[in-house]
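Please look over the model below.

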Amino acid sequence: MKNKFQKVRAEFLEKLKAVNDANGLRELELKYLSRKGEFSSLMHELKDLSLELKKELGGLANNIKQELETNFNEVRDRVNRLSAKNSLIDITVPGIEPPHGHLNPITIIQREMEDIFSSLGFTIFDGPELESDYFNFTALNMPLLHPARDMQDTFYVDSKNKDGALDLVMRTHTSPVQIRAMKKLGAPLKVVVPGRCFRNEATDARHEHTFYQFEGLIVGENINFANLKSLLELVGKKLFGPKTKLRMRPKFYPFVEPGNNGEYTCFLCEGKGCRVCKNTGWLEIVGGGLVHPEVLRAGGIDPEKYSGLAFGFGLTRLAMLKYGVTDVRLFNSGDLKFLEQF
Ligand code: PHE
């Protein structure tokens, strides 16, 4: 019996030496130390012995049991320490950068414009892309049969009003929000309106059915053409640098009087003439003028008391010029090779 205990002890200690992981430990524990393990069965056999032998072997067995457990625990601690060390995170290893999205260049230029105009005290105002015929045309001094409607090839939506006329359109410009802003805010006001617009264009590198504009409107007492000119000059300098010049040439828009086309000196050649400005030295970017009295009236504002100025930047065109994009269709293409450059 004594030999059996010694044999189990020797076997156990021998095997323990070879153990170096948690699995090995578990196996050893099961085979020897668990309730049904080899050591417990030997202890079990003790109860059939005489009292004297029981005493003698009992003491030995307990000592051996303690010895085995102590050794076992030591190895277990070592294995635990080792595996904790192996799983430590090395914070000096360079990380794996997760892929991240890019802003569309039109969003970048929109935010830049919003910053410029916010700093000048403008409120950013919003309007719907699906607009009523009334706001998009009629209230802007273009009644139903006005020929100026033809300048903007329009997507009409198949819904008729009670008189049987088509009365919803995909807005062709951001100008209808002028009326919405006047009705909502009253005079005096100072707003800008960035937004998506739609026209039925045959698309090519320079024409797109979906594009962005950036509208502006000031209504107040004694707002005049000099205010418009100085404002657009200032914005041009902020956008393209302090040497930028503005020139204004007459242009007809039904909702302004007088109306004009604003052109800036080309930021690339500074007016000398190059590929970007098609050798003219000037970039046509912004339409504007003084708000037509009929338009103020449609917005609920008294044209005898107040006057206004309005302008509309082609935001998509601005982005094309600024980033040298030669095909307008790239902006809405979702092409990552294009977008990841910004
Ligand atoms: N809405 C005009 C366009 O789409 C631009 C414009 C806005 C002109 C405001 C004058 C005043 O071409």
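## Helix H2 against helix H4

H2 passes H4 in a left-handed crossing. This is a predicted model. Helix H2 spans residues 22-33 and helix H4 spans residues 51-86. Their axes come within 10 Å and cross at roughly 165°. H2 is therefore roughly antiparallel to H4, since an angle over 145 degrees counts as such.

Which residues of H2 meet H4? They are Ala 22, Leu 25, Glu 29 and Leu 33. On the H4 side the contact takes in Leu 68, Phe 72, Val 75, Arg 76 and Val 79. By class, the residues of this contact of H2 with H4 are seven nonpolar, two charged and no polar.

## Helix H3 against helix H4

Helix H3, residues 38-46, also packs on H4. The angle is about 165°, and the axes are 10 Å apart. That makes H3 roughly antiparallel to H4. H3 passes H4 in a left-handed crossing.

H3 brings Phe 39, Met 43 and Leu 46 to the contact. H4 answers with Lys 54, Leu 57, Gly 58, Ala 61, Asn 62, Ile 64, Lys 65 and Leu 68. What classes of residue make up the contact of H3 with H4? Seven are nonpolar, two are polar and two are charged. Leu 68 of H4 is named in the contact with H3 and also in the contact with H2.

## Leu 13 in helix H1

Leu 13 sits in helix H1, which covers residues 2-18. Is Leu 13 buried or exposed? Its relative accessibility is 19%, so Leu 13 counts as buried; the cut-off for buried is under 20%.

Setting aside neighbours within four places in sequence, Leu 13 is in contact with Glu 67, Leu 68 and Asn 71. Leu 68 is one of the H4 residues that meet H2. Arg 81 lies 68 residues from Leu 13 along the chain. The C-alpha atoms of Leu 13 and Arg 81 are separated by 21 Å.

## The seven-stranded sheet

Seven strands form an open sheet with mixed pairing. Their order is S1-S5-S6-S10-S9-S8-S7. Strand S1 (123-124) and strand S7 (246-250) stand at the edges. Each has a single partner strand, so one side of each is left without a neighbour in the sheet.

S5 and S6 run antiparallel and are joined by ten bridges. Cys 197 has Phe 211 in S6 as its bridge partner. S6 and S10 also run antiparallel, joined by eight bridges. Here Gln 213 is partnered by Gly 314 in S10. Strand S8 (residues 256-265) pairs with strand S9 (residues 282-291) in the antiparallel sense over eight bridges. In that pairing, the bridge partner of Tyr 264 is Leu 283 in S9. How much of S6 is buried? S6 is mostly covered, with ten of its eleven residues buried.

## Helices across the sheet

Helix H7 (residues 176-185) lies across strand S5 (189-198), strand S6 (210-220) and strand S10 (307-314). H7 runs at about 145° to S5. Helix H8 (residues 225-240) lies across S6, S7, S8, S9 and S10. H8 runs at about 30° to S10.

Leu 239 is found in H8. Leu 239 is buried, with a relative accessible area of 6%. Leaving aside neighbours within four places in sequence, Leu 239 is in contact with Glu 112, Met 113, Ile 116, Leu 318 and Lys 322. How far apart in space are Leu 239 and Lys 322? They are 9.3 Å apart, C-alpha to C-alpha, and 83 residues apart in sequence.

## The three-stranded sheet

A further open sheet has three strands in the order S2-S4-S3, with antiparallel pairing. Its edge strands are strand S2 (130-132) and strand S3 (156-160), and each pairs on one side only. From one strand to the next, the twist averages 30°.

S3 and strand S4 (residues 166-170) run antiparallel and are joined by three bridges. Tyr 156 has Val 169 in S4 as its bridge partner.

How values were computed. Residues numbered from 1 in each chain as written. Predicted model: local features only at pLDDT ≥ 70, side-chain atom pairs only at ≥ 80, totals over all residues. Heavy atoms only, no water. Axes fitted to C-alpha atoms, helices over the stretch in contact; angles between N-to-C directions. Helix = DSSP H or I, 4+ residues; strand = E, 2+ residues; numbered from the N terminus. Parallel < 35°, antiparallel > 145°, perpendicular 65-115°, else oblique. Left-handed = near helix turned anticlockwise from the far one by under 90°. Contact = heavy atoms within 4.5 Å. Nonpolar A, V, L, I, M, F, W, Y, C, P; charged D, E, K, R; others polar. Pairing = 2+ DSSP bridges. Buried < 20%, exposed > 50% of the residue type's maximum accessible area, 1.4 Å probe, protein only.
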